[in-house]
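Open the structure in a viewer and keep the selection tool at hand. The stops below say what to select next and what is there.

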Amino acid sequence: NYSGALAYLNGLQRFGIRLGLENTQRLVEAFGHPEAAFRSVHVAGTNGKGSTAAFTNGILRAAGFRSGLYTSPHLLDFRERILVDGHPIAEGELAALTTEVAGVIDRLFAPSPLSSPTYFEAATALAFLHFARAGVDWGVIEVGLGGRSDATNILQAEVSVITNIGLEHQEHLGDTLESVAAEKGGIVREGGSVVSAAEGAALEAVARIVREKGARLVKVQDEYRVRYLGRSERGEAFRLVGRLREYDSLQIPLLGRHQILNAITAVAVAELLEEQGFAVGEFPIR
């Protein structure tokens with residue numbers, strides 16, 4: 001049942017944080033690679049990645065796609081982490097999937113229980129399995145920690161997104177902006193597409209990884225021009241000159257001018273998907 005599923009997942013927190021892809025790979029292999037059943041946008045960064053993921057998910061839904069959103073942490077309820085078309089995973093569905101995942105964990109990891117998947121690794125497998133079975137067209141997936149060795153990095157995303165970058169989790173990611181950026185830049189795919197709102201040394205580190213992998217980089221703060229129009233009870237308003245079109249007035253309900261950059265990053269993702277042939281367009285972005 002639902003409470004038993006939460007108790008099981010919470011029990012995995014005793015394994016702490018373990019960076020690396022091996023456990024998640026073993027889990028998804030056991031389920032026939034559910035992460036390959038949908039296209040994905042993969043979002044990393046220090047701040048703003050949750051908002052950027054939510055904006056991107058909203059655009060895709062408005063464009064008529066069935067979309068899954070995976071974020072962390074949750075505020076009140078674990079189900080907030082796994083949404084399909086804006087709806088949290090149902091309690092019964094979470095219970096059933098957790099029972100399946102727990103059975104696979106028992107079978108694969110029982111000989112060496114200390115190597116058991118962590119809370120986040122199990123949650124990631126749950127999300128991918130739910131999205132595949134729900135038949136989503138797109139999964140918008142937020143990185144948990146870092147990027148290169150994060151459990152979500154088994155994806156082959158259509159677009160990799162790196163929001164702003166600051167010093168964080170230095171025990172895992174390094175003590176310089178360049179080292180943190182290199183970890184987050186680990187989500188860049190060979191020949192892939194990347195959108196980044198990073199600046200300065202962090203952006204240089206991301207750009208270097210993009211060049212090494214033969215990928216394409218859209219630099220949000222260089223290629224998008226914004227003019228702030230003010231705040232009202234409806235939120236923040238701004239004018240945007242994008243790469244594909246001009247938006248004379250855009251409105252977001254989240255307060256704070258920093259949220260405008262997160263919204264513009266999502267617009268950059270949407271325009272990049274348009275260039276790749278996906279039907280997005282101006283109205284869904286608005």
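Start by selecting Asp248, which is exposed, with a relative accessible area of 53%; buried means under 20% relative accessible area, exposed over 50%, and partly exposed in between, with a 1.4 Å probe and protein chains only. The model is predicted, so local features need pLDDT of at least 70 and side-chain atom pairs count only at pLDDT 80 or more, while totals for chains, interfaces and linings use all residues. Residues are numbered from 1 along each chain as its sequence is written, and side-chain values use heavy atoms, with hydrogens and water left out.

Asp248 forms a salt bridge with Arg286, and the closest N and O atoms are 2.9 Å apart; a salt bridge is a side-chain nitrogen of Lys or Arg within 4 Å of a carboxyl oxygen of Asp or Glu. Asp248 lies in strand β11 and Arg286 in the segment after α11 (282-285), so the pair ties together parts that are 38 residues apart in sequence. Arg286 is partly exposed, at a relative accessible area of 41%. Helices (H or I, at least four residues) and strands (E, at least two) are DSSP runs, numbered from the N terminus.

Next, show the sheet that holds β11. Its three strands run in the order β9-β10-β11, with antiparallel pairing, and the sheet is open; two strands pair if DSSP finds at least two bridges between them. Strands β9 (225-232) and β11 (246-252) are at the edges with a single partner strand each, so one side of each has no neighbour in the sheet. On average, neighbouring strands of this sheet are turned by 20 degrees against each other, direction ignored. Axes are lines fitted to C-alpha atoms, for helices over the stretch in contact, and angles run from 0 to 180 degrees between N-to-C directions.

Select β9 together with β10 (residues 235-241). How many bridges join β9 and β10? Seven bridges link them in the antiparallel sense. In this pairing, Arg225 is opposite Val241 in β10.

Now select helix α10 (residues 258-275), which lies across β9, β10 and β11 and runs at about 45 degrees to β10. Contact here means heavy atoms within 4.5 Å.

Stay on α10 and pick Glu275. Its salt bridge is with Arg216, at 3.1 Å between the closest N and O atoms. Glu275 lies in helix α10 and Arg216 in strand β8 (residues 216-219), so this pair ties together parts 59 residues apart in sequence. Glu275 is partly exposed, with a relative accessible area of 37%, and Arg216 is partly exposed, with 37%. Salt bridges that share partners join Arg216, Arg243 and Glu275 into one network.

For another of the 13 salt bridges in the structure, select Arg66 and Asp85, whose side chains meet at 2.8 Å, N to O. Arg66 lies in the loop between α3 (49-62) and β2 (67-70) and Asp85 in the loop between β3 (82-84) and β4 (87-88), so the pair ties together parts 19 residues apart in sequence.

End at the largest cavity, which has a volume of about 30 Å³. On a 1 Å grid over the protein atoms alone, a cavity is a set of points where a 1.4 Å probe fits but cannot get out, and lining residues have an atom within 4 Å of a point. Grid points are joined across faces, edges and corners, and a volume is the space filled by probe spheres set on the points. Select Thr56, Ile59, Leu60, Ala266, Val269, Ala270, Leu273 and Val280 to show the lining. Helix α10 gives the most to this lining, with four residues.

Terms used
On a 1 Å grid over the protein atoms alone, a cavity is a set of points where a 1.4 Å probe fits but cannot get out, and a pocket is an open set with protein on both sides within 12 Å along at least five of seven lines; lining residues have an atom within 4 Å of a point.
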